[in-house]
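Please read them with the structure open.

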2 protein chains.
Amino acid sequence: MSTTGEHRDRSSAPTSRGTATARRIESSAVALVLQHGFDATTVDMICADAGVSQRTFFNHFATKDAAIIGTDIPRLDESRVRAFIASTSPDLLSDAVTLITLPGLDGTHDAELMRLRMRAITSSADLMKRQFERFASIEAELAEVIEYRLLRVSDAAESRDEVREQSRLTAHILAGVMRYTADSLMSGRSTAIPAIVDETRARVRAVLPKLGGQ
Amino acid sequence: MSTTGEHRDRSSAPTSRGTATARRIESSAVALVLQHGFDATTVDMICADAGVSQRTFFNHFATKDAAIIGTDIPRLDESRVRAFIASTSPDLLSDAVTLITLPGLDGTHDAELMRLRMRAITSSADLMKRQFERFASIEAELAEVIEYRLLRVSDAAESRDEVREQSRLTAHILAGVMRYTADSLMSGRSTAIPAIVDETRARVRAVLPKLGGQ
DNA sequence: AGCAAAACTGCAGTCACTGCATATTGGCCT
DNA sequence: AGGCCAATATGCAGTGACTGCAGTTTTGCT
């Protein structure tokens, strides 16, 4: 276990391109964490393994976690956002599951590294937390998108403020669904992302009526 | 800004009783963070203000955050859990909002300290994240409780495994609602917890039909 | 008073992370 | 080829969170 500790600045955001160096650091980091665990793996060890100086490490990754978890922040895909907003389907939640498709977990990256990464993350409660945090960053964006869609659907009875609040609430709910999906992915079983997403969508449909509504 | 950094062990769990010393440390910590910000407040400063040694600080709190955020882990209330499981109301989500009532944010603590704490937390993205994390710890517990309830409602068509998965999904959704409620509380406005909870419940009811289901 | 347990303290060490000043490299223009 | 600029890599010295350990004070009991 462990965690915490911070250090004043971090303002100077590192580059963290997909450069060869960065890649080498990433795979060293993931491999070592799988071997020794998160706490037992020091930045120095990673640097030695990757053949770079510690300073270089921190030029590429802001934190030790970043080297393991990855640096690409989750983002919503533009075109999907448009489709989502335009849709008039009453099945908002299900639509949204499609919308998010686990940003940051899709096939952008080297598949093998990604698999190892996922194993490394699940091996440490600490890393799980960090991973978890990252989903938070998408919630505001999500809330905004949902607001657009809700505005076209809502009965005029509701004030714009109320719609905004409902959008934020919905975004949080959606984030929950996202996390569930990520959990499913991480807790082994299949690695076929589309399959899991489909499964989740079906499950959401099954669960919704049980939640209440009216 | 800042964050990260950890340090291997933390295994020796600190005492963190509600002792006078711990209280003094807590309020020094919260006050100083409000004054100088999270990063600019060092543990040494807190210790000086509280009149204890650094070692004592870490005997009471595992991390700097803990002194600010508080140490009581969110728990579900036994009797409420029983009522929740027993209920046959179709309004699961709304029931659940009542169930959780923001564990860890209720009146157990010194109200004034709690208010300051909340302000301190919102003042730092870093602390928000940590606070956020803490909700994660309740999700497993929640999933279990929901499973009990779903089992009595579900049509026999669903396998026990499927019900378990649906429970986990629901727990995540609920956690989302929890976070929304916490957000509302934190983002100023009122500090009247019951009022906000009521508001949220109403909003959940309004939102559910829009989500889809069918 | 007399004594053990609990709480506190000092200290030296580890490790994440920072700023800054200095090399090293690779592409590009002539 | 030679010279130049920007990007990248490095060394180094510091700060600050956190740990283990060993020793001292305080507290509560009898």
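**Helix packing and domains**

1. In this predicted model, helix H8 (residues 125-153) of chain A packs against helix H9 (residues 160-186) of chain A at an angle of about 135 degrees, and their axes are 7 Å apart. H8(A) and H9(A) are therefore oblique to each other. The crossing of H8(A) past H9(A) is right-handed.

2. Which residues make this contact between H8(A) and H9(A)? From H8(A) come A:Phe132, A:Phe135, A:Glu139, A:Leu142, A:Ala143, A:Ile146, A:Glu147, A:Leu150 and A:Leu151. On H9(A) they meet residues including A:Val163, A:Arg164, A:Ala171, A:His172, A:Leu174, A:Met178 and A:Arg179. By class, the contact of H8(A) with H9(A) has 12 nonpolar, 4 polar and 5 charged residues.

3. H8(A) also packs with helix H7 (residues 111-122) of chain A: the two axes come within 6 Å and cross at roughly 115 degrees. An angle of 65 to 115 degrees counts as roughly perpendicular, and H7(A) and H8(A) are therefore described that way. A:Ala120, A:Ile121 and A:Thr122 of H7(A) contact A:Leu127, A:Met128 and A:Gln131 of H8(A). Sorted by class, this contact of H7(A) with H8(A) has 4 nonpolar, 2 polar and no charged residues.

4. The domain assignment of chain A gives domain 1 (20-69) and domain 2 (75-109 + 125-211). Between them, 4 residues of domain 1 of chain A are in contact with 4 residues of domain 2 of chain A. The domain 1 side of that contact has 3 nonpolar, no polar and 1 charged residues.

Notes. Residues are numbered from 1 along each chain as its sequence is written. Chains are lettered from A and ligands numbered from 1 in the order in which they are written. This is a predicted model: local features need pLDDT of at least 70, side-chain atom pairs count only at pLDDT 80 or more; totals for chains, interfaces and linings use all residues. Domain bounds come from an automatic or database domain assignment. Two residues are in contact if their C-beta atoms, placed from the backbone, lie within 7 Å. Ala, Val, Leu, Ile, Met, Phe, Trp, Tyr, Cys and Pro count as nonpolar, Asp, Glu, Lys and Arg as charged, and the others, Gly among them, as polar. Axes are lines fitted to C-alpha atoms, for helices over the stretch in contact, and angles run from 0 to 180 degrees between N-to-C directions. Helices (H or I, at least four residues) and strands (E, at least two) are DSSP runs, numbered from the N terminus. Angles under 35 degrees count as roughly parallel, over 145 as roughly antiparallel, 65 to 115 as roughly perpendicular and the rest as oblique. A crossing is left-handed if the near helix is turned anticlockwise from the far one by less than a right angle, and right-handed if clockwise.
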